[in-house]
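This report describes selected packing features of one protein chain. The sequence and coordinates follow.

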Amino acid sequence: MDMSENLTHLTHSSAGRVRHERTVGLEGGCACGAVRYRLASAPMFVHCCHCLDCQRQTGSAFVLNALIEAEQVELLAGEPLPIPVPTDSGSPHLITRCPACQSAIWSVYGGRAQVRFVRVGTLDRPSALSPGVHIYTRSKVPWVALPAGVPAFDAYYDAGALWPAESLARRKAALART
Ligand SMILES: [Zn+2]
Ligand SMILES: [Zn+2]
């Protein structure tokens, strides 16, 4: 594998320029510090989700999730606790939280524990990752303006058409593991 490829990931600035950012070895944790983690690789992709579930669960306008293989999330401290939450679709959703301060650290959707949706806001440097796609914009609040150059979809989207080939291969390999 080309290491330079592995150490950076392409993001599009609001001006449409491509930026290289260091996205390997990012660390984060909960509000009280009991849970700490490290992302051993760059995420496969980053979602900004504007759906009503995400708005309700975060109490905010959207959620920012870095999708990454479970084994690439190294737990440095604490034992985060998965909590089942209801969803509009009925598909299972676990939000893994710090047992002490209850900060949401990552989600597992549809029982697919091989892929974690890590909350970008829990990174020590949340600006390290920016969304590769905006989804469920049909429920986006009107005062959030989306940047030009980042794909946006009314509902979900076809990852096969949007993700880099390397990320698709990583996801396929992760989901093949049981
Ligand atoms: Zn905590
Ligand atoms: Zn959502």
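Which residues does A61 touch, not counting residues up to four places away in sequence? The model is a predicted one. In it, A61 touches Q55, V141 and V144. A61 sits in the loop between α2 (52-58) and β6. P142 is 81 residues away from A61 in sequence, and the two C-alpha atoms are 9.8 Å apart.

The largest nonpolar core has 33 residues, and C49, A66, L67, I68, I105, V118 and V120 have the most contacts inside it. At least two residues of this core come from each of β4, β5, β6, β10 and β11, and β6 gives the most, with 5 residues. L67 touches P43, M44, F45, H47, V115 and F117, leaving aside residues up to four places away in sequence.

| Side of α4 | Residues |
|---|---|
| Buried | R170, R171, A174 |
| Exposed | A165, A169, K172, A173, A176 |

β6 (63-69) and β11 (115-119) are among what covers the buried residues of α4. Helix α4 spans residues 165-176, 12 residues in number, and reaches 17 Å from its first C-alpha to its last, close to the 16 Å expected at 1.5 Å a residue.

Terms used. Residues numbered from 1 in each chain as written. Chains lettered and ligands numbered in written order. Predicted model: local features only at pLDDT ≥ 70, side-chain atom pairs only at ≥ 80, totals over all residues. Helix = DSSP H or I, 4+ residues; strand = E, 2+ residues; numbered from the N terminus. Expected span 1.5 Å × (residues − 1). Buried ≥ 20, exposed ≤ 12 C-beta atoms within 10 Å, placed from the backbone. Contact = placed C-beta atoms within 7 Å. Core = buried A, V, L, I, M, F, W, Y, C linked by C-beta atoms within 7 Å.
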